[in-house]
Amino acid sequence: MHAHLFIPCLVEHFRPEIGEATARVLARLGVVPVVPSGQTCCGQPLYKTGFADEVRALAEHFLDLFDDAEAVVSPSGSCVAMIRAYPSLFEDVSLRRRAEETASRTFEFSEFLVERLGVTDAGAGFRARAAYHDSCQVGRGLGVRRPPRTLLAGVRGLELVELASSDDCCGFGGAFSARFPEISGAIREAKVRDILASGAEVVVAAEVSCLSHIARGLRDAGADHVRAMHVAEVLDQGFASGSEEAAS
Amino acid sequence: MAEKPEMPETSKPTRDRILAALGASVEAVKRTPLVRPAQMPGDSREAWEMLGRALASLGADFRLAGSGQEAVGEVVEAARLHGVRSALLWEHPLLERLGLAAALAGASVDVIPNDSETRFCPHANIADMGVTAADAVFLETGTVAVWAGPGRERATSLVPPLHVALVEESVLRAGIADLADLLRELAASTGLPSAVHCITGPSTTADIGQVLVRGAHGPKTVVVVGLAQPLP
Amino acid sequence: MKSRADTFAALTRKAAGNRHQARILAGASAHFISKRKAAFEAVPHPAELVRRATEARERTLGKLPELLLRLEERLGDAGVRVHWAADADEAVAVVSDIAREEGVSTVVKGKSMITEEIGLNAALESMGLDVLETDLGEYIVQLAGEGPSHIIAPAVHKSREEVARLFEEKLGQTAREAEELTMIARRVLRERFLTADMGITGVNMAVAETGTLVLLENEGNIRLSTTCPRVHVAVMSLEKVVEDFDDVAAVLAVLPRSATGQKLSSYVSFLTGSRRGDEHDGAEVTHLVILDNGRSRLHADPELRSMLRCVRCGACLAACPVYRAVGGHAYGWVYAGPIGALLTPGLLGLEHAADMPAACTTCGACAEVCPVSIRHHDILQTMRIRQAKSGQTSLALRAGAWLFAHLARRPAVFGIAGVLARLASPMGMPRGRKPFSRRWPALRNRLERASAKGHGGKD
């Protein structure tokens, strides 16, 4: 089986190791990762600031790159949510149908592993106390709450602790954090307090933007020792076969 | 039926402008039945127990009386317990058949007359206790419903700090869905009373620091006396 | 009430720095959230209750003109004087006229957001009337000279200690504990109930079938305001009508649970007309003011209409991370939280609350708790799109969007822009400095070799 990876711009430019971990974990599970070149952006920064029409061209570009894929997998729930909204952007019936079909084959990473591949143990090992943050775009947006937890529960040596309010927003909200930095920071402070109170050494999420935002908050709170890792990065740890070194 | 008042002339054009500005009516939303989570229990004992539990969770007191005499005793006891010196009673067949006024007078509780030359509320404010019957009781929520009417003052269950409600088994209902049925039946038959008050526990507030306090404006204490046996 | 929503961005900036308020709101919100959750978990089919309540409110909106006419007729049959008011000024004029005609000098008021909206208190006070808020939270903020900061808990932003100090300052008496403070207010307010000429309340629901006004409360101040004074004036926004008692029951099944986790509010009053001839208490004359103030326009807007389903439970406030961070006053007008972010631009116009649609992280927590299925964050997104289309966004944002859209269609240029963004970004440079697409070829080769060797899993 082949899976085309949709690499979010945040991963491309700021957290490429998340993309690498995603590809490695899929390969390990017998899925051949394909990364079409020429990817840019899913368009959510435009959409969320109200420029919905401008996203249409990006949606067409996405379809050109991905519509022949067996499956499209992305380590970003928010990108997947945006892609699932593409059909509503098109008035042209054939484009809309193309968008619907491709969207129906597009999955968030943990959703793909658990619900499409039936994986619960990805063969990972990672000794740490970890707390899972339910990103709004993944949990509420896509309804994906169990799969990341299922995958984390299958990681050898990982102690999972629940946050008091795991599905409270981290405060990023895309353009929101740039436009209302004080509110964004205040919301983040509450999330960081929750994480620190849990005693977790690692906070795990399925959404890249949450992780970067939370990481900054942890740094501001003087809690650099708490790592912010993507689900894919955790699953990429301690793989026993030894053929491909896990990222440190 | 009250006299239909004249609508002020200025209001009609305003009304018509507003109605014209509203969006067009859409295809009628399909009507589905009410959800009825509450069912009437199989027997009386269970029903009274259910009521007792609901009232307890509200911080209200429940006493089940096996006879009219016991019921009167419970009311007198509640008066004694709360240092009641004067009481306001509904003029209601149930209270009259129980001989409640006489029993309270015998216990040195001054029963205030219902007639008042002045406004009723200040008059009711003298009383330490108000006693009513219950026109309906809803087991799901522990709600006592009272209708207003002659001799059935609103203030009786509101102004004094203690409200005692006498409940006959025939008024027990399952839940709020039944309230809807009841009100609809009333409207279709004798007509709705000017006021129906659904009372669920004592008056409460949590406006200061989310700390629950009873007796904010309405009664601090509610005592419900159930009559397990109908009066002969 | 005059809106300061056009300064929303500045208000929130200041409010976000108020750690004291944030702590109080975090505690209060957590309290409301857990009560609400427990209440719905205790019922066998919570989703069914929400569905049926949503249906009741949707049916109202679908038949609004018809129901309002039926309501007016039934109210008339019940002897209630009905007044229509297109806007705040008209509503205030109506109530002022009633007060004048009825010779009113003292007024007791139940908590009513609609009367805040129209600025009724200030208008009546300027006529020389003595207007007293009787809901404990409203009484507290009235003493403090503030407006309410929350739909159901007006003084939620005040700690117990702050209330104690306020009572000492304004009433000359105080206490330490919430219970004793409440008893002080009860005593002070009781005197006023007994002597007031007029009671003013809002309306939770008005039943078209019978002309019955439905009023919910926990304290008893609304019952006192409609039992003791001679005159009752009820002010209602036009979307509050419901068709019949079944729809009332459907809303009652979700509203108290969503607001405070109660199965039912302490008092639910059904008022049909004034006291009858042989009754001793209750108002002698009842007036109902039906107010538009921007709702007819919202109703006529299919994308925005659903916000009119709101039953004022306040659950969206408790759930909203933005509200918890900034509190109610920062919204600059009457309504706060997600419903405030909808009603303020909705009723006043987007141009008067231009920052509100963007002040949402789109987390969706609001929609998750709404008992009448309003999708606040989706409607805010619709407003954003309208703002962009109508050129209401800032030049910088429009230019940025144009640039981004162009770059994102040209992969090579987008890549260069990405490099520049990395250099400038506060998120810092990733290890190795190479973007993912530059690392991929080598990784792909490694994975292919590993797969060919038979490692790495199934074929």
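In this predicted model, the accessible surface of chain A comes to about 8,800 Å², and carbon and sulfur atoms account for 47% of that area. As for charge, chain A carries 25 positive and 34 negative side chains, and the centres of these two sets lie 4 Å apart.

The secondary structure of chain A comprises 13 helices and 8 strands. Its radius of gyration is 18 Å, close to the 18 Å that the globule rule gives for 248 residues, so chain A is as compact as a globular protein of that length. Taken along the principal axes, the box that its C-alpha atoms fill is roughly 50 × 45 × 25 Å. Of the 248 residues of chain A, 64% count as buried, and among contacts between residues at least 6 apart in sequence, 79% join residues that are at least 24 apart.

One element to follow into the interior is helix H5 of chain A, which spans residues 77-85. Because 7 of its 9 residues are buried, that is, under 20% relative accessible area, helix H5 is largely enclosed by the rest of the structure. The buried residues of H5(A) are Gly77(A), Ser78(A), Cys79(A), Val80(A), Met82(A), Ile83(A) and Ala85(A). What do these buried residues of H5(A) pack against? Their partners in chain A include the helices H3 (44-48) and H4 (52-66) together with strand S3 (72-74), and also helix H6 (93-104), strand S4 (106-108) and helix H8 (136-142).

Note on methods
Residues are numbered from 1 along each chain as its sequence is written. Chains are lettered from A and ligands numbered from 1 in the order in which they are written. This is a predicted model: local features need pLDDT of at least 70, side-chain atom pairs count only at pLDDT 80 or more; totals for chains, interfaces and linings use all residues. Side-chain values use heavy atoms; hydrogens and water are left out. Buried means under 20% relative accessible area, exposed over 50%, partly exposed in between (1.4 Å probe, protein chains only). Helices (H or I, at least four residues) and strands (E, at least two) are DSSP runs, numbered from the N terminus. Contact means heavy atoms within 4.5 Å. The radius of gyration is taken over C-alpha atoms; the globule rule is 2.2 Å times the number of residues to the power 0.38. Accessible areas come from the Shrake-Rupley method with a 1.4 Å probe; for residues, only the protein chains shown count as cover. Lys and Arg count as positive and Asp and Glu as negative; His and the chain ends are not counted. The place of a charge is taken as NZ of Lys, CZ of Arg, CG of Asp or CD of Glu.
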